[in-house]
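Reader: Here is the entry I would like to go through with you; shall we begin with the sheet?
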There are 2 protein chains.
Amino acid sequence: MLFSFELHATDGQARAGVFHTAHGPLPTPIYAPVGTQATVKAVTPQQLREVGAVLLLANTYHLYLRPGDERIAALGGLHRFMGWEGPLLTDSGGFQVFSMSGGRGQTPLRAIDDDGVTFRSHIDGSRHRFTPERVIEIEQNLGADIAMVLDECAPPTDYDYNVRALARTHAWAERCKAVHTRADQALFGIVQGGIFPELREQSARFLSALDFPGYAIGGLSVGETKAQMYATLDVTVPLLPEHKPRYLMGVGTPEDLVEGIARGIDIFDCVLPTRVARNGQALSRTGKLNMRNARFADDPTPLDATCACYACQHFSRAYIRHLFIAQEILGATLLTIHNLHTMLTIIRESRTAILTGTFAAYRTAFWEAREEVDGRQ
Amino acid sequence: MLFSFELHATDGQARAGVFHTAHGPLPTPIYAPVGTQATVKAVTPQQLREVGAVLLLANTYHLYLRPGDERIAALGGLHRFMGWEGPLLTDSGGFQVFSMSGGRGQTPLRAIDDDGVTFRSHIDGSRHRFTPERVIEIEQNLGADIAMVLDECAPPTDYDYNVRALARTHAWAERCKAVHTRADQALFGIVQGGIFPELREQSARFLSALDFPGYAIGGLSVGETKAQMYATLDVTVPLLPEHKPRYLMGVGTPEDLVEGIARGIDIFDCVLPTRVARNGQALSRTGKLNMRNARFADDPTPLDATCACYACQHFSRAYIRHLFIAQEILGATLLTIHNLHTMLTIIRESRTAILTGTFAAYRTAFWEAREEVDGRQ
């Protein structure tokens with residue numbers, strides 16, 4: 001059934017399941033590469049399928065401004081527009097709007113009130129307004145399989161700000177749900193509340209009562225410590241409905257995947273693996289390499305000897321370093337392929353471990369391998 | 001036999017054949033995409049194979065400076081370095097060195113004498129010297145299947161300059177041949193002489209006597225008119241040995257392929273299809289499209305309805321325009337795939353037409369289709 005979530009196995013708090021969308025089943029846990037402007041930067045949809053991507057995220061704020069959600073709808077929706085036949089997820093645009101600070105000496109780029117938020121385009125400075133109703137209209141035009149409610153993202157360690165923002169976030173969640181009509185699109189609620197257990201609990205209870213087909217945990221990985229993030233997950237996740245997918249927004253790194261899965265997270269997205277790729281950083285399960293480093297200039301070995309990705313099967317560290325030093329696009333493409341393959345391999349291995357009841361051992365081995373490498377360095 | 005050239009069919013001056021290299025047979029006519037820095041910009045070797053590329057060109061000048069030919073040799077040679085298992089061709093670096101003009105107020109970047117040329121690196125201003133012997137050493141380190149002699153590229157319409165340059169070019173060709181030892185690498189001679197029939201004839205006769213395994217026609221498409229270029233081919237090609245491949249360096253466009261093939265050219269290379277792709281220009285056999293144009297913003301059709309490439313099979317003009325407006329790398333990748341596919345399709349169709357004795361009709365239809373489109377615009 002559309003948007004049903006089958007739990008196939010649990011292992012401690014970790015879960016393996018399948019979320020059913022109109023563009024196919026989504027095995028969980030899953031990591032979604034970020035395609036901000038309707039493209040995951042530097043790779044084709046074909047390359048994304050080859051690295052094992054199933055779900056992609058696109059940013060509503062960017063697509064609303066350019067090329068425009070109505071244009072995308074007229075062209076047959078986001079899937080057809082970007083040539084991705086699998087499941088898609090759009091955020092609400094709220095995070096981008098609330099992240100705008102307005103540079104020094106500039107007019108502030110945003111103004112929030114209880115009805116919505118007025119902001120300026122980063123492209124041309126033009127004024128725009130997002131309300132819960134408007135955001136749902138835009139997300140329905142885009143037509144992703146999973147859409148997100150508009151929420152207010154507060155600094156995670158500011159209690160008073162989080163109290164005020166939470167009231168707005170909850171009112172907006174109700175308004176989003178009230179106007180959402182697309183039967184082929186699942187609208188997820190977003191639990192906020194910063195690092196404060198009582199606010200997270202309040203938010204989880206309020207949103208659970210609204211009966212969304214899935215729940216996100218927002219407002220993390222934006223300034224708090226890792227320990228605070230994990231502690232927040234520890235208190236928040238158990239309060240969410242068991243038979244709905246749980247999505248940790250904007251997280252994370254390889255270690256965040258393992259630790260998030262261990263705490264019962266089903267869906268992740270993060271721009272980091274693709275962003276650092278374009279800066280020359282290769283991820284592996286044991287750490288990261290800066291491929292601009294001169295020590296790789298004559299290194300005939302692959303990025304990661306254990307990796308089966310296209311980059312590691314065909315190219316040396318020396319070649320990839322050359323591509324970055326020579327400012328060649330192929331460097332960004334190969335590291336994007338490698339970093340996404342690394343993330344998705346950790347996800348697949350975790351899922352298999354959960355299904356076979358060995359996730360605790362997998363998690364232990366993951367950390368031991370990192371410590372061993374750290375010890376050698 | 002290595003570097004044997006089998007002529008399978010001729011149709012007028014046009015020829016279809018196979019040139020045998022250590023990295024496989026090279027069907028001719030062929031167009032070589034340009035991979036200046038050991039990568040065809042914005043695409044992977046896998047994508048190059050998918051568009052039908054067989055032969056790639058890399059630039060000796062660039063690879064000598066960065067990452068260095070000795071480094072590439074130590075890493076197993078250029079094929080392994082760039083992950084290309086098919087045939088490769090390197091130029092001599094002469095064209096790049098002779099093209100340097102030295103900006104306003106700057107020390108001239110090059111000084112030519114009869115023994116060689118001293119130049120400054122465009123990367124760090126360091127001084128370097130190419131002699132015929134040094135260039136062959138570098139090209140042998142790189143290890144392409146086809147290497148080119150060092151020649152002096154003169155402005156094509158300056159008679160006195162061409163007379164002087166030709167003497168040097170011929171002396172350098174002899175010196176290159178004398179020091180070239182790699183049995184798995186074919187060293188091609190380069191016929192020069194600008195647009196002057198008597199100089200081209202002199203050059204063709206001199207170089208033919210040196211018995212190279214292949215011959216290039218250099219110094220064209222660098223300032224002369226199309227009519228002058230075609231007229232020069234008309235007088236030069238018939239003077240070259242029939243059973244050796246003929247390579248028109250740095251040419252060209254879709255129409256240059258058809259007109260070059262009609263005049264007996266077997267091998268082409270040109271950076272134009274990939275360079276214009278990165279600027280948003282899509283080539284087709286009937287013309288070109290600037291994909292930044294606002295008229296494509298809502299256009300759901302592919303770049304070219306007759307094209308079978310990955311870009312045309314999966315994406316609309318509207319999407320590709322969006323990618324360029326949003327400055328997304330995927331735009332460059334998709335247009336590079338499309339433009340190379342277009343070039344290589346014209347090459348394959350021409351070869352089939354020659355083999356079936358219908359090349360004259362193919363050429364006529366090619367021009368009629370262009371005129372029809374021009375007439376509509």
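Reader: In what order do the eight strands of the open sheet in chain A run?
Author: The order is S4-S14-S13-S12-S11-S10-S6-S5 in chain A, with parallel pairing, where strands (E, at least two residues) and helices (H or I, at least four) are DSSP runs numbered from the N terminus, and two strands pair if DSSP finds at least two bridges between them. The model is predicted, so local features need pLDDT of at least 70 and side-chain atom pairs pLDDT 80 or more, while totals for chains, interfaces and linings use all residues. Residues are numbered from 1 along each chain as its sequence is written, with chains lettered from A and ligands numbered from 1 in the order written.

Reader: And which strands stand at the edges?
Author: Strands S4 (30–32) and S5 (56–58) of chain A do, each with a single partner strand, so one side of each has no neighbour in the sheet. From one strand to the next, the twist averages 25°, angles running from 0 to 180 degrees between N-to-C directions of axes fitted to C-alpha atoms, for helices over the stretch in contact.

Reader: How many bridges join S10 to S11 in chain A?
Author: Three, between residues 146–148 and residues 186–191, and Ala147(A) is placed opposite Leu187(A).

Reader: What lies across S11 of chain A?
Author: Helix H8 (197–209) of chain A lies across S11 and strand S12 (215–217), at about 155° to S11(A).

Reader: Switching to the chain contact, how many residues does each side give?
Author: Chain B gives 33 residues and chain A 34, contact meaning that C-beta atoms, placed from the backbone, lie within 7 Å. On the chain B side, H13(B) brings the largest share, five residues.

Note on methods:
Contact = placed C-beta atoms within 7 Å.
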